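Please keep the sequence and the structure in view while reading.

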Amino acid sequence: MFGTVAASGIRIIAAAKIDRKAVLVMAISFAMGMSVELVPGILDKMPQLIHSIFASGISTGGITAILANALIKMKK
């Protein structure tokens, strides 16, 4: 199941025209999502609400991607 989802995501990324902003947004969101998965205790000292929202790497990466895409402004 995960392999199919990953392959579909890679196909979508490969088909899209990727500029510098898109690369930066992807890098930040992948790093945030992986950090939650690889370092499970990273959210231990956070409030329960934040811990609940960001406990999954998928939710952390997704929220980070949305925020980074909205907040990062790059000159053409």
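Is T60 buried or exposed? T60 is buried, with a relative accessible area of 2%, where buried means under 20% relative accessible area and exposed over 50%, with partly exposed in between (1.4 Å probe, protein chains only). The model is predicted, so local features need pLDDT of at least 70, side-chain atom pairs count only at pLDDT 80 or more, and totals for chains, interfaces and linings use all residues. Residues are numbered from 1 along each chain as its sequence is written, and side-chain values use heavy atoms, with hydrogens and water left out.

**Packing of the helices**

- Helix 2 (residues 20-38) packs against helix 4 (residues 57-71) at an angle of about 150 degrees, and their axes are 8 Å apart.
- The two helices, helix 2 and helix 4, are therefore roughly antiparallel to each other (angles over 145 degrees count as such).
- Residues of helix 2, including V25, I28 and M32, meet residues of helix 4, including G61, T64 and A68.
- By class, this contact of helix 2 with helix 4 has six nonpolar, seven polar and two charged residues, with Gly counted among the polar ones.

**Surroundings of T60**

- T60 is found in helix 4, and its side chain reaches the backbone oxygen of S56 at 2.9 Å.
- Neighbours within four places in sequence aside, T60 is in contact (heavy atoms within 4.5 Å) with M32, G33, V36 and F54.

**Position of L38**

- L38 lies in helix 2 and is exposed, with a relative accessible area of 62%.
- The C-alpha atoms of L38 and G9 are separated by 21 Å, and these residues are 29 residues apart along the chain.

Notes:
Axes fitted to C-alpha atoms, helices over the stretch in contact; angles between N-to-C directions. Helix = DSSP H or I, 4+ residues; strand = E, 2+ residues; numbered from the N terminus. Parallel < 35°, antiparallel > 145°, perpendicular 65-115°, else oblique. Polar contact = N/O pair within 3.5 Å; in protein donor to acceptor, adjacent residues only side chain to side chain.
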